[in-house]
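User: I have some questions about how the labels on this structure were reached. Please set each value against its cut-off.

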Amino acid sequence: MIRRSPTRIEMRLDDLQVYEEIRKVHESKKDPERKASSSMNPPTWGGKIPQSEIQDRIGYVPQHPASHNRTAT
């Protein structure tokens, strides 16, 4: 249910310029990593991808359950 009317957002030229600067900085940081990783580890087609690599790609950080010391009484 909408409780209020949607707010209009307008893009200005300054906003686009700031976005382009941030995007270029972000891309420049990514490029050296891509070149280094692609030259060292060529893609393996048809092979099984390690679980840790999949978790890194999706940003999943597994939490280890706390160990419980249960004693029978």
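Analyst: Arg-57 has a relative accessible area of 60% and is labelled exposed. This is a predicted model, and the labels below are computed from it.

User: What makes Arg-57 exposed?

Analyst: Exposed means over 50% relative accessible area. Arg-57 has 60%, so the label exposed applies.

User: Which residue forms a salt bridge with Arg-57, and how far apart are the closest N and O atoms?

Analyst: The partner is Glu-53, with the closest N and O atoms 2.8 Å apart. A salt bridge requires a side-chain nitrogen of Lys or Arg within 4 Å of a carboxyl oxygen of Asp or Glu, so a distance of 2.8 Å meets the definition.

User: Why are Glu-53 and Arg-57 separated by about one helical turn?

Analyst: Because they are four residues apart in helix H2.

User: Why is Glu-53 called partly exposed?

Analyst: Partly exposed lies between the buried limit, under 20%, and the exposed limit, over 50%. Glu-53 is at 33% relative accessibility, so it counts as partly exposed.

User: Helix H2 covers residues 51-58 and includes Gln-55. Why is Gln-55 called buried?

Analyst: Buried means under 20% relative accessible area. Gln-55 is at 18%, so it counts as buried. Leaving aside neighbours within four places in sequence, Gln-55 is in contact with Tyr-60 and Pro-62. Of the 73 residues of the protein, 1% count as buried.

User: How many salt bridges does the structure hold?

Analyst: The structure holds four. One of them joins Glu-20 and Arg-23, whose closest N and O atoms are 2.7 Å apart. Both residues lie in helix H1 (residues 13-40), three residues apart, about one turn of the helix.

User: What makes Glu-20 and Arg-23 partly exposed?

Analyst: The label covers values between the 20% and 50% limits. Glu-20 has a relative accessible area of 32%, so it is partly exposed. Arg-23 has 37%, so it is partly exposed too.

User: How do you know that Glu-10 and Arg-8 meet in a salt bridge?

Analyst: Their side chains are 3.5 Å apart, N to O. The cut-off is within 4 Å, so the pair qualifies.

User: Are Glu-10 and Arg-8 buried or exposed?

Analyst: Exposed requires over 50%. Glu-10 is at 58% relative accessibility, so it counts as exposed. Arg-8 is at 71%, so it counts as exposed as well.

Conventions:
Residues numbered from 1 in each chain as written. Predicted model: local features only at pLDDT ≥ 70, side-chain atom pairs only at ≥ 80, totals over all residues. Heavy atoms only, no water. Helix = DSSP H or I, 4+ residues; strand = E, 2+ residues; numbered from the N terminus. Buried < 20%, exposed > 50% of the residue type's maximum accessible area, 1.4 Å probe, protein only. Contact = heavy atoms within 4.5 Å.
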